[in-house]
Amino acid sequence: MGGDLQDSNVVIEVCTAADVRLALVMAGELIDLAQLTVQQHAVLREFVCEPNDRRIARRLDLSPQTVRNHLLRIQKKLKVSGRAELMKAAIAAFLQQGRS
């Protein structure tokens, strides 16, 4: 993935470890969706379009609790905390996939 951050023309002020991780994600350095299961990938795609567990569950024929469990496991795998970070990471990853 990507080269060194200097080549990416990204200028970001970094304050915490979470900011560093998010800066790398946004620069396309960290996210590897290949580590997700097929079901997790589907849940993540739906989450980006509509971050509502019940609606995701209905569209994928899952229970809302299963959707929440998938999202928590995805957060751990992608090393992000919280839904806002997950959304940013997912968008960055899907954009990165589109470029390759």
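## Terms and basis of the model

Helix axes are lines fitted to C-alpha atoms over the stretch in contact, and the angles between them run from 0 to 180 degrees between N-to-C directions. Two packed helices are described by the angle between their axes and the distance between the axes.

The model is predicted: local features need pLDDT of at least 70, side-chain atom pairs count only at pLDDT 80 or more, and totals for chains, interfaces and linings use all residues. Residues are numbered from 1 along each chain as its sequence is written, and side-chain values use heavy atoms, with hydrogens and water left out.

## Overall architecture

The chain holds 5 helices and 0 strands; helices (H or I, at least four residues) and strands (E, at least two) are DSSP runs, numbered from the N terminus. The order of elements from the N terminus is α-α-α-α-α.

Of the 100 residues in the chain, 33% are buried, a class defined by under 20% relative accessible area, whereas exposed means over 50% and partly exposed lies in between (1.4 Å probe, protein chains only). The chain exposes about 6,400 Å², of which carbon and sulfur atoms supply 53%; this area comes from the Shrake-Rupley method with a 1.4 Å probe. Among contacts (heavy atoms within 4.5 Å) between residues at least 6 apart in sequence, 59% join residues at least 24 apart.

## Packing of α2 against α4

Helices α2 and α4 pack with their axes 10 Å apart, at an angle of about 100°. They are therefore roughly perpendicular to each other, the term for angles of 65 to 115 degrees; under 35 counts as roughly parallel, over 145 as roughly antiparallel and the rest as oblique. On the α2 side the contact is made by Q39, Q40, V43, L44 and F47, and on the α4 side by V67, H70, L71, R73, I74, K77 and L78.

By class, this contact of α2 with α4 has 7 nonpolar, 3 polar and 2 charged residues. Here Ala, Val, Leu, Ile, Met, Phe, Trp, Tyr, Cys and Pro count as nonpolar, Asp, Glu, Lys and Arg as charged, and the others, Gly among them, as polar. Q40, in helix α2, counts as buried at 4% relative accessibility. Leaving aside neighbours within four places in sequence, Q40 is in contact with H70, R73, I74 and K77.

## Packing of α3 against α4

The axes of α3 (residues 53–60) and α4 (residues 64–78) come within 8 Å and cross at roughly 105°. That makes α3 roughly perpendicular to α4. D53, R54, I56 and A57 of α3 meet P64, V67, R68 and L71 of α4, a set that divides into 5 nonpolar, no polar and 3 charged residues.

## The nonpolar core

A nonpolar core is a set of buried Ala, Val, Leu, Ile, Met, Phe, Trp, Tyr and Cys residues joined through side-chain atoms within 4.5 Å. The largest such core has 18 residues, and those with the most contacts inside it are L44, F47, L71, I74, L78 and L86. Helices α2 (38–49), α3, α4 and α5 each supply at least two of its residues, and the largest share, 6 residues, comes from α5. Not counting residues up to four places away in sequence, I74 touches L36, Q40, L44 and L86.

## Two loop residues with positive phi

Most residues other than glycine have a negative phi. D61, which is not a glycine, has a positive phi of about 55°. D61 lies in the loop between α3 and α4 and counts as exposed at 71% relative accessibility.

K79, also a residue other than glycine, has a positive phi near 60°. K79 is found in the loop between α4 and α5 (83–99) and is exposed, with a relative accessible area of 58%.
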